[in-house]
Amino acid sequence: MFLRQLTYLIALDQYRHFSRAAEHCNVSQPALSMAIRQLEHELGVPIVRRNRRVLGLTPEGERVLAWARQTVAALDGLRQEADFAHEVAGGTLSIGTIPPAIQVMPPLMESLRAAVPALHIELTVSANTDILHDLTEQRLQMGLIYLDQVPEDGSFETHQLYAEQYVFVAGFRMELPSRKTFSWADAAEHPLGLLGHSMRTRQIVDECFAKAGVRPNVLLETNALELLYVELLAGRLATILPVAALPDQRDPANPLQIRRLASCPAPGVGLVRLKQPVQTALMSRSWEVATQLVLEDALTV
């Protein structure tokens with residue numbers, strides 16, 4: 001069994017197509033197909049359900065895939081460890097973040113690069129459950145998520161960075177009362193654009209409206225923060241977001257109106273990583289730096 005066979009299997013699962021997987025691995029399609037058949041022969045189990053295109057993996061193939069990911073991830077860690085021994089200033093770190101925490105990433109990445117100057121960061125934006133899944137599958141090394149969603153089975157290490165504060169936000173063109181604090185009933189009276197129901201942020205907002213006994217006037221639902229920002233800054237809709245998810249407010253010609261929301265829960269947001277018997281030097285150093293980040297004062301209004 002060769003490492004390339006495991007790498008091909010991971011690519012085949014990702015693309016579900018022999019030609020595209022082969023292109024990703026920079027080999028010919030017959031070479032990739034032969035390597036997968038050799039792996040099946042060596043292990044004595046069928047791995048791929050074949051037709052004119054890849055339909056998926058067999059149950060045995062799914063179990064082999066899990067081991068393949070662990071093996072390739074371990075070897076990548078070994079390579080990084082060796083590279084780190086030669087040059088402490090390098091390495092690759094894969095991070096996943098929930099959309100409402102996106103504004104936290106610049107100071108986090110700045111801190112990481114200060115400690116590891118040549119650090120290469122691969123950043124993805126996903127939902128809480130997807131980040132936890134990708135950490136388990138070792139596609140990600142670190143996540144920034146809602147910590148109340150982390151399984152309590154001892155599989156993960158966590159560190160809270162801040163507690164969310166939710167605010168009602170509108171563009172300067174929308175007429176609002178001058179008071180600094182809104183009730184959820186106040187917020188429900190305005191046309192709103194909110195994140196979609198699959199997002200934990202939206203679930204918390206819905207719980208607050210339900211607790212207040214009011215039904216919001218929701219005209220837009222989206223998982224794209226950028227679209228919410230466009231509607232917000234144009235003055236067409238208001239929104240409810242954590243402070244960490246607010247758009248850049250440095251434009252003096254288009255200021256935001258922000259109102260605190262009373263009686264709103266403060267879920268913890270923080271770092272998570274898969275618990276491993278041995279962490280690479282790069283991961284250990286990155287975790288040490290990330291967990292020292294201080295954000296509480298910057299994320300309140």
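Which residues of helix α6 (residues 128-136) are buried? I started my notes there, keeping in mind that this is a predicted model.

**Entry 1: α6**

I looked up burial along α6 and got N128, I131, L132, D134 and L135 as its buried residues. Next I looked down the helix axis: these buried residues fall within an arc of 165°, so they line one face of α6. Then I wanted to know what lies over them. The cover on the buried residues of α6 includes the strands β3 (92-97), β5 (142-146), β6 (156-163) and β13 (268-274).

**Entry 2: β7**

I moved on to strand β7 (residues 166-171) and asked how many of its residues are buried. I found that six of its six residues are, so to speak, under cover: the strand is mostly covered. I then sorted them by side. Y166, F168 and A170 are on one side, V167, V169 and G171 are on the other, and all are buried, which leaves both faces of β7 covered. I reminded myself that side chains in a regular strand alternate between the two faces of the sheet.

For neighbours, I looked up the pairing. Strand β11 (residues 239-242) runs antiparallel to β7, and four bridges join the two.

**Entry 3: α2 and α3**

How do the axes of helix α2 (residues 18-25) and helix α3 (residues 29-43) cross? I got a crossing at roughly 100°, with the axes coming within 8 Å. That makes α2 roughly perpendicular to α3. I listed the residues in contact as well: on the α2 side they are F18, S19, A21, A22 and C25, and in α3 they meet Q29, L32 and S33.

**Entry 4: the whole chain**

I count 10 helices and 13 strands in the protein. Of its 301 residues, 47% count as buried. The protein exposes about 15400 Å², and carbon and sulfur atoms supply 52% of that. I also looked at how far apart in sequence the contacting residues are. Taking contacts between residues at least 6 apart, 73% join residues at least 24 apart.

Definitions and conventions. Residues numbered from 1 in each chain as written. Predicted model: local features only at pLDDT ≥ 70, side-chain atom pairs only at ≥ 80, totals over all residues. Heavy atoms only, no water. Buried < 20%, exposed > 50% of the residue type's maximum accessible area, 1.4 Å probe, protein only. Arc of directions from axis to C-beta. Contact = heavy atoms within 4.5 Å. Areas by Shrake-Rupley, 256 points an atom, 1.4 Å probe, with all protein chains shown as cover. Pairing = 2+ DSSP bridges. Axes fitted to C-alpha atoms, helices over the stretch in contact; angles between N-to-C directions. Parallel < 35°, antiparallel > 145°, perpendicular 65-115°, else oblique.
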